[in-house]
Amino acid sequence: MDNENNKINQTEKIEKIEKKEKNDNGSKKIVLKRVLTIVLAVVDFCAAFAGGYFSNYIFNSRNSMVAKDIVSIMEDVGYIYDPVTGEEREITEKEVAYALVNAMLDDYAAYYTAEEYKAVKENAKGNYGGIGVSFFDRNDLAIDQIPLNSPSDRAGLKVGDVLVSAVNNAGETISFNTIEDLMNFIGTMELNQPVEFGVLSNGEIKTVTLAKENYVKAYVYYCDSGVEYKFLSSGSSAPKGKEIALSNSMITDDSVGYIRLDGFEGGAASQIGDALKFMKNRGKTKLILDLRDNGGGYMNVLAEIASYFVDNGGVSKSPIAYAVGKSGTEAYSTDKNRFSDFLDNMVILGNKNTASASECLIGAIVTYGDLVSGVQNVIVEKDSLGVAKTYGKGIMQTTYYLVSGGAFKLTTAKITWPDKQTCIHGVGVTEKMGATVAEKGTAVSVAINALKN
């Protein structure tokens with residue numbers, strides 16, 4: 001998230017591995033020819049809560065010790081015996097990096113190659129590539145999420161549809177039995193070349209033409225009792241939508257507007273502002289803010305979005321979260337007050353995939369204001385096992401940018417809500433906190449009833 005300037009201490013010096021020499025036909029082998037030179041550098045002061053984590057790019061002289069330790073490992077460890085082939089081979093810098101973050105640190109530690117990190121930064125801007133399908137369960141081919149403005153969205157695919165087959169370049173029909181089958185096929189698709197897919201939708205097989213494209217993701221969907229719109233990224237003709245019959249709308253109350261927010265990145269903040277303005281112009285005064293399946297995003301975007309819902313006595317800077325780490329406590333605040341005072345009331349929807357920045361936004365709205373009374377106006381939908389809780393991500397990671405082009409992501413602090421006490425890590429927002437529980441698939445109707453009352 002943005003404007004984050006944490007002083008991150010080195011938590012534990014990586015123990016230097018003793019240098020080992022190996023002989024080949026009587027001559028000493030040269031250890032690792034390609035040494036990963038790592039220097040921490042300032043890129044920008046931007047912190048992320050993306051996909052369920054905070055991240056920032058910080059320069060601190062104390063971190064040079066970390067760099068020296070990693071470089072020494074790369075210099076000293078050159079060869080391993082491959083566990084598959086049993087043969088001696090040279091290890092790569094990527095393998096050492098993965099070993100460090102996977103073997104020594106927590107589940108949120110990660111290493112990005114230069115190519116992977118470039119993709120992460122592009123995603124932060126809202127730039128994506130592919131056909132536009134997401135899955136939460138690697139064992140289930142039913143589509144869990146379709147990014148707005150993606151090829152799949154424009155082709156009319158729906159959540160729950162299943163891509164069962166496709167026609168390859170040779171004219172052969174390829175069946176997909178696993179998500180890996182599907183992903184491998186998508187990997188072979190040529191950019192912008194239409195491909196016919198077989199789609200199982202509502203019990204029937206239909207043919208849909210999709211192309212793998214580079215696209216700008218949209219993050220906001222709006223509907224009320226008479227219209228539905230997508231709010232696209234800056235520079236596009238936003239909003240884009242249509243009038244709908246009341247019988248086709250999930251919203252049956254003329255005073256209610258519904259906004260689904262899919263992430264905290266790219267143009268999400270401006271799209272939220274556009275959607276709220278559109279809602280106000282349509283005379284709607286009650287809001288359902290749907291954060292289900294929203295896994296997070298970036299701090300600067302969260303701060304902007306929170307500024308529409310947080311009123312701290314009219315001041316411009318309102319703390320929306322605190323990071324408590326080894327070097328102390330840092331506050332993250334809005335930079336403006338864009339408070340949507342036309343709203344009489346609102347409810348927030350969450351589920352098991354509501355994480356990180358989404359949970360922070362819930363915390364900010366709950367902590368401040370007149371719009372919600374405690375967390376009673378937060379509705380958490382049960383999952384397939386009957387459990388009602390949000391994800392529960394309340395720790396912060398710092399991303400260390402490397403001159404090699406890659407990056408390390410390491411956990412550095414815990415996050416609290418603006419009350420400086422509530423940390424939902426490992427717990428999430430639950431009924432015990434006062435949230436209302438909805439059966440799976442009923443959250444919107446429960447929200448409408450809550451707003452009526």
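**Aromatic rings**

I started with the ring cluster: ring pairs link Tyr-222, Tyr-229, Phe-231 and Phe-278. Rings of Phe, Tyr and Trp (its six-membered ring) pair if their centres lie within 6.5 Å; planes under 30 degrees apart count as stacked, over 60 as edge-to-face and the rest as tilted.

I noted the ground rules next. This is a predicted model, where local features need pLDDT of at least 70 and side-chain atom pairs count only at pLDDT 80 or more, while totals for chains, interfaces and linings use all residues. Residues are numbered from 1 along each chain as its sequence is written, and side-chain values use heavy atoms, with hydrogens and water left out.

I then searched the whole structure for aromatic pairs and got eleven. I looked at Tyr-111 and Phe-408: their ring centres are 5.3 Å apart and their planes stand at 50°, so the pair is tilted. Tyr-111 lies in strand S6 (residues 110–112) and Phe-408 in strand S24 (residues 407–416), so the pair ties together parts that are 297 residues apart in sequence. Helices (H or I, at least four residues) and strands (E, at least two) are DSSP runs, numbered from the N terminus. Buried or exposed? I checked Tyr-111. Tyr-111 is buried, with a relative accessible area of 6%. Phe-408 is buried as well, with a relative accessible area of 6%. Buried means under 20% relative accessible area, exposed over 50%, partly exposed in between (1.4 Å probe, protein chains only).

**The whole chain**

I counted nine helices and 25 strands in the chain. Buried residues make up 50% of its 453 residues. I took contact to mean heavy atoms within 4.5 Å. Among contacts between residues at least 6 apart in sequence, 69% join residues at least 24 apart. The chain exposes about 21400 Å², and carbon and sulfur atoms supply 47% of that. Accessible areas come from the Shrake-Rupley method with a 1.4 Å probe; for residues, only the protein chains shown count as cover.

**Cores**

Which residues touch the most other members of the largest nonpolar core? I found Ile-305 and Phe-309, in a core of 60 residues. Helix H8 (residues 357–368) gives the largest share of this core, eight residues. A second, separate core has 22 residues, including Val-133, Val-162, Ala-166 and Val-208. A nonpolar core is a set of buried Ala, Val, Leu, Ile, Met, Phe, Trp, Tyr and Cys residues joined through side-chain atoms within 4.5 Å.

**The eight-stranded sheet**

I traced an open sheet of eight strands, in the order S15-S14-S13-S16-S17-S21-S22-S25, with mixed pairing. Two strands pair if DSSP finds at least two bridges between them. Strand S15 (240–243) and strand S25 (436–438) stand at the edges with a single partner strand each, so one side of each is left without a neighbour in the sheet. From one strand to the next, the twist averages 20°.

I zoomed in on strand S13 (residues 220–223) and strand S16 (residues 256–261): they run antiparallel, joined by four bridges. Tyr-222, one of the ring cluster, has Ile-259 in S16 as its bridge partner.

Which helices lie across these strands? Helix H6 (residues 268–281) lies across S13, strand S14 (227–231), S16 and strand S17 (286–290), at about 10° to S13. Helix H9 (residues 443–452) lies across S16, S17, strand S21 (345–350), strand S22 (378–381) and S25, at about 160° to S21. Axes are lines fitted to C-alpha atoms, for helices over the stretch in contact, and angles run from 0 to 180 degrees between N-to-C directions.

**Other strands**

I found an open sheet of four strands, ordered S9-S8-S10-S11, with antiparallel pairing. Its twist averages 30° from one strand to the next. Strand S10 (residues 195–201) pairs with S11 over seven bridges. Val-195 has Leu-210 in S11 as its bridge partner.

I also checked strand S12 (residues 213–216). Its covered face holds Glu-213 and Tyr-215, its uncovered one Asn-214 and Val-216. Tyr-128 stands opposite Tyr-215.

Six of its seven residues are buried, so S23 is largely enclosed by the rest of the structure. Seven bridges join S23 to S24, and the two run antiparallel. Met-396 stands opposite Ala-413 in S24. S23 and S24 form a hairpin with five residues between them, and Gly-405 in the turn has a positive phi of about 105°.
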